[in-house]
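Work through the exercises below with the sequence and the model open. Each task is followed by a stepwise solution.

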Amino acid sequence: MSANDMDELQAVAESIADERISASARDGFDTLLQQALRGSLVPSGADAVITAVEVDDLAEKTMVVLTISSYLFRLMVMFHFTPDAATKGHFARLTGDGGGAAESEQAFMDTLAESGNLCCGIFNRELGRFFPHLGMSTPNVIDTQCVHYLHKLRQAHVRHFAIDIDQSPRLHVSLCVSAYDRLDFAVSAEEQADTTGELELF
């Protein structure tokens with residue numbers, strides 16, 4: 001089989017995957033993730049602007065990955081980061097630990113993983129309004145270059161977001177949804193407003 005044939009087969013596979021998730025469902029996943037990001041990565045009282053960007057705009061070298069799965073889909077949320085002073089300072093400000101997140105690499109990673117868990121916990125809760133039987137993974141740390149191979153997962157939807165926060169460095173988060181069946185749901189304006197509530201921990 002020639003390289004051209006392989007490219008054509010890949011294009012067909014991607015088009016089939018794309019048809020499995022409606023435009024409304026894509027918007028729903030994006031909206032709920034952005035609400036979760038605001039509730040977990042933005043310090044109280046700070047303004048944040050979240051925009052969609054291209055994968056080439058991701059300059060970080062490492063990412064923390066969490067997975068939310070159901071019988072109908074599997075999605076991954078990827079938090080890209082560079083362990084520099086500005087990023088450590090943001091998470092210290094976010095957690096209000098007075099700089100504890102910057103004291104060591106392990107403390108920083110623990111804080112980052114906790115923030116990722118909080119974000120995906122909120123995301124998981126809101127997705128539960130539409131899909132039953134959801135499960136969430138623990139955080140995994142991998143190289144950001146892996147994001148270039150998401151097509152190997154036969155994804156149905158991929159989006160990369162930049163988060164600009166007052167007095168903080170730009171943060172990047174990626175979403176990848178692999179669909180096992182056709183997905184179609186819509187997040188209403190009322191449901192969007194409800195997602196600003198606190199996440200209950202037990």
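**Exercise 1.** Which residues of α2 are buried?

*Solution.* The model is predicted: local features need pLDDT of at least 70, side-chain atom pairs count only at pLDDT 80 or more, and totals for chains, interfaces and linings use all residues. Residues are numbered from 1 along each chain as its sequence is written, and side-chain values use heavy atoms, with hydrogens and water left out. Apply the cut-off: buried means under 20% relative accessible area (1.4 Å probe, protein chains only). The list for α2 is A25, G28, F29, D30, L32, L33, Q35, A36, L37 and S40.

**Exercise 2.** Check the span of helix α2 against its number of residues.

*Solution.* Helices are DSSP runs of H or I, at least four residues, and strands are runs of E, at least two, numbered from the N terminus. Helix α2 covers residues 23-40, which is 18 residues. The expected span is 1.5 Å times one less than the number of residues. That gives 26 Å for α2. The end C-alpha atoms lie 26 Å apart, so the two values agree.

**Exercise 3.** Classify the ring pair F81 and F108.

*Solution.* Rings of Phe, Tyr and Trp (its six-membered ring) pair if their centres lie within 6.5 Å; planes under 30 degrees apart are stacked, over 60 edge-to-face, the rest tilted. A search of the whole structure returns 8 aromatic pairs. For F81 and F108, the centres are 5.6 Å apart and the planes stand at 65°, so the pair is edge-to-face. Locate the partners: F81 is in strand β3 (residues 73-81) and F108 in helix α4 (residues 105-127), 27 residues apart. Check burial: F81 has 4% relative accessibility and counts as buried. F108 is buried too, at 0%.

**Exercise 4.** Which charged end sits over the ring of F108?

*Solution.* The test asks for NZ of Lys or CZ of Arg within 6 Å of the ring centre and within 35 degrees of the ring normal. K88 passes, with its charged end 5.9 Å from the centre of the F108 ring.

Methods. Buried < 20%, exposed > 50% of the residue type's maximum accessible area, 1.4 Å probe, protein only.
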